[in-house]
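Subject: Structure for you to look at

Hi,

Here is the structure I promised to send over. Have a look around it first, and then read on for what turned up.

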Amino acid sequence: MKNVIEVKNLTKEYKGVKAVDNLTFTVKNGEILGLLGPNGSGKTTTINSILSILKYNQGSIKIMGEEMTPDNSKLKSQIGVVFQDVAVFDELNVIDNVDYFCGLYIKDKKIRKEYVLDALKLVGLENYKKYYPKQLSGGLLRRLNIACGIAHKPKIIFFDEPTVAVDPQSRNNILEGIQKLRESGATIIYTTHYMEEVEILCDRIIILDKGVILASGTSEELKELANIDEKITVEGIEVKTTLLDKIKANKNVDEVHMQMNALIVTYKKGKNNLVDLMDLLKQTKVKYASIYSEKPTLNDVFLSLTGKELRD
């Protein structure tokens, strides 16, 4: 597939500290790319550089084969942005808000009316046209924010945490809408801290930390890179240090840690890990409520690559 976005050797410094360090990647036409990373990883800096909101120190950015610059209005009209912070006008009702933002790019009133109605239908706001933002729930307000960002039918759309603090029904509506946008031909760059959304939506994933790419690929490819084959969780257990040491002595074990009252053991390889662990617990007369095995999730991969320490 053709590359729609090409980022080469992108570097951005703040007071001598590199927020993005020699970053190179592409986004292909029609794909959903997940851009992941902990707080301070460089995601926002990267997106703002692509959008020419930030001036970067070195590198090049091309969108649809053209150099992206702050005054390239032609390219900007092909881009939609849905930021995490809701940005709508309180004094305008739902349909007028969407019409205003659509009108920044679509001047023909007849076409704009059609586009606005399409956007409202996509996010499920057809019955809220005359409502004002203060009358909307948090989920409806986020859906309005999305409608405003995509009403002009852009070819490339950036979504930054679009489902933060919304109810499950609104989240489901938003995710379905994003899938429909891709089916209509849009290329999407998606950032979130909800790993299950990434697994559902994204064709390819880039994990950033400290301004560099730690890993990229499909969800399954990243799981292979993390070198985690199996995760066993033992719930309702009290563990002594001596038991932890015995578990760690297993050559197949990658990591052992406690999370609340659950023991979590990740394995790099092995065929009888569950049976072996159950035998060890029986031998040491340790009681537990339940035990189960599962394949590693994308969240496990993310933590394995970026670490578990808290970020600002």
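This is a predicted model: local features need pLDDT of at least 70, side-chain atom pairs count only at pLDDT 80 or more; totals for chains, interfaces and linings use all residues.

**The big picture**

The chain is built with 11 helices and 14 strands. Along the principal axes, its C-alpha atoms fill a box of roughly 75 × 45 × 35 Å. Of the 312 residues in the chain, 47% are buried. If you take the contacts with a separation of 6 or more, 67% of them are between residues 24 or more positions apart. As for charge, there are 44 positive and 42 negative charges in the chain, and their mean positions are 2 Å apart.

**Cysteines**

How many disulfides does a search of the whole structure find? It finds zero. A disulfide is a covalent bond between the sulfur atoms of two cysteines. Take C102: the nearest cysteine sulfur belongs to C148 and is 9.7 Å away. The cut-off for a disulfide is a pair of cysteine sulfur atoms within 2.5 Å, and C102 is in no disulfide. C148 is in no disulfide either, with the sulfur of C102 as its nearest cysteine sulfur. On accessibility, C102 has a relative accessible area of 0% and is buried. C148 comes out at 6% and also counts as buried.

**Salt bridges**

Side chains of opposite charge can pair when their charged atoms come close. The structure holds 13 salt bridges, and here are a few to find on your screen.

Start with E66 and K74, which form a salt bridge with their closest N and O atoms 3.3 Å apart. Are these two buried or exposed? E66 is partly exposed, at 28% relative accessibility, while K74 is exposed, at 57%.

The side chains of K223 and E199 meet in a salt bridge, 3.3 Å from N to O. Why does this pair tie together parts that are 24 residues apart in sequence? Because K223 lies in helix 8 (residues 219-225), whereas E199 is in helix 7. K223 counts as buried at 14% relative accessibility, and E199 counts as partly exposed at 34%.

There is a network to look for as well: R171, E196 and E197 are joined into one by salt bridges that share partners.

Why is helix 1 (residues 43-50) largely enclosed by the rest of the structure? Seven of its eight residues are buried, so the rest of the structure largely encloses it. The buried ones are K43, T45, T46, I47, N48, S49 and I50. After helix 1 comes S52, which has a positive phi, near 65°.

Now jump to helix 11 (residues 298-306), where you will find N299. N299 is partly exposed, with a relative accessible area of 34%. If you want a distance to check, the C-alpha atoms of N299 and G124 are separated by 30 Å, and these two residues are 175 residues apart along the chain.

Which residues of helix 11 are buried? They are L298, D300, V301, F302 and T306. The buried residues of helix 11 pack against several elements. Here is what to look for around them:

- the helices they pack against are helix 7 and helix 8;
- the strands they pack against are strand 3 (32-36), strand 9 (204-209), strand 10 (212-217) and strand 11 (230-235).

Helix 11 is followed by G307, whose phi is positive, near 90°.

Methods
Residues are numbered from 1 along each chain as its sequence is written. Side-chain values use heavy atoms; hydrogens and water are left out. Helices (H or I, at least four residues) and strands (E, at least two) are DSSP runs, numbered from the N terminus. Buried means under 20% relative accessible area, exposed over 50%, partly exposed in between (1.4 Å probe, protein chains only). Contact means heavy atoms within 4.5 Å. Lys and Arg count as positive and Asp and Glu as negative; His and the chain ends are not counted. The place of a charge is taken as NZ of Lys, CZ of Arg, CG of Asp or CD of Glu. A salt bridge is a side-chain nitrogen of Lys or Arg within 4 Å of a carboxyl oxygen of Asp or Glu.
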